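Have a look at the sequence and the model first.

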Amino acid sequence: MKTGTADIVIRNKKASHDYEFLEKHIAGIKLTGTEIKSIRLGKAALSDSYCFFTNGELFLRGMHIAEYWWGNLNNHDPLRDRKLLLKSCELKKIERKVKETGLTIVVIKVFINERGLAKAEIAVSKGKKEYDKRETLKKKDASREMDRMRKV
């Protein structure tokens, strides 16, 4: 394991506001050499990323990985589709849920595990309505206020 790489976590903060997570999975990401180097430097964004199925395989679209500074002419495309690696039984189960009920697959976070590999935490999720978003903000504010009062 390389030192200091296990604490790299890139989060999608917008996802928890817009979606209700029903089921979570950890998937590997198929990357090139300059992409993993950029992720280890923390140069990635998940703001508008989502997952989709093509021929029974799961792909990640919309994840921006900045070009590696020391890369040469063979540097990667920052917005290319990346394949997610899951077991076939998990892929079939997720694909069935997405097709039957119209759910969405969003990426919650991308991190480097103990072995130095890039992993993505994905969630099968349902979109929140506007009133649900307001309700979660109210709950969050109320709990924050309660914590503030307990400290005093």
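## Ground rules

Two strands count as paired if DSSP finds at least two bridges between them. The strands themselves (E, at least two residues) and the helices (H or I, at least four) are DSSP runs, numbered from the N terminus.

This is a predicted model, where local features need pLDDT of at least 70, side-chain atom pairs count only at pLDDT 80 or more, and totals for chains, interfaces and linings use all residues. Residues are numbered from 1 along each chain as its sequence is written, and side-chain values use heavy atoms, with hydrogens and water left out.

## The sheet

Let's start with the sheet. It is an open one made of 7 strands, in the order E1-E8-E9-E2-E7-E5-E4, with antiparallel pairing. The edges belong to strand E1 (9-11) and strand E4 (50-54); each has a single partner strand, so one side of each has no neighbour in the sheet. From one strand to the next, the twist averages 40°. Angles here run from 0 to 180 degrees between N-to-C directions, and axes are lines fitted to C-alpha atoms, for helices over the stretch in contact.

How many bridges join E1 to E8? There are 3, and the two strands run antiparallel. Val-9 has Phe-111 in E8 as its bridge partner, while Arg-11 has Lys-109, also in E8.

## Strands E8 and E9

On its other pairing, E8 meets E9 in the antiparallel sense over 8 bridges.

Buried means under 20% relative accessible area, exposed means over 50%, and partly exposed is in between (1.4 Å probe, protein chains only).

Which strands does helix H2 touch? H2 (residues 33-40) packs on the sheet against E1, E7, E8 and E9, and its direction makes about 75° with that of E8. Contact means heavy atoms within 4.5 Å. Helix H3 (residues 88-101) lies across strand E2 (19-29), E4, E5, E8 and E9, and runs at about 150° to E2.

## The nonpolar core

Now for the inside. A nonpolar core is a set of buried Ala, Val, Leu, Ile, Met, Phe, Trp, Tyr and Cys residues joined through side-chain atoms within 4.5 Å. The largest one here has 28 residues, and those touching the most other members are Cys-51, Leu-58, Met-63, Leu-84, Ile-105, Val-107 and Ile-122. At least two residues of this core come from each of E2, H2, E4, E5, H3, E8 and E9.

Leaving out residues up to four places away in sequence, its contacts include Ala-27, Cys-51, Leu-58, Phe-59 and Ile-122.

## Salt bridges

A salt bridge is a side-chain nitrogen of Lys or Arg within 4 Å of a carboxyl oxygen of Asp or Glu. By this rule the count comes to 13. One of them joins Asp-18 and Lys-133, at 3.4 Å from N to O. That pair links distant parts of the chain, with Asp-18 in helix H1 (residues 13-18) and Lys-133 in helix H4 (residues 130-151), 115 residues apart. Both Asp-18 and Lys-133 are buried.

Arg-61 and Asp-81 form another, with their closest N and O atoms 2.8 Å apart. Arg-61 sits in strand E5 (residues 57-61) and Asp-81 in the loop between E6 and E7, 20 residues along. Arg-61 is partly exposed because its relative accessible area is 34%, and Asp-81 is partly exposed too, at 28%. Then there is Glu-121 with Lys-109, at 3.7 Å between the closest N and O atoms. This one connects strand E9 (residues 118-127) with strand E8 (residues 104-112). There is a network as well: salt bridges that share partners join Glu-23, Lys-93 and Lys-97.

## A loop proline

Last stop: Pro-78, in the loop between strand E6 (64-65) and strand E7 (82-85). Is Pro-78 buried or exposed? Pro-78 is buried, because its relative accessible area is 17%. Not counting residues up to four places away in sequence, Pro-78 touches Met-63, His-64, Ile-65 and Glu-67.
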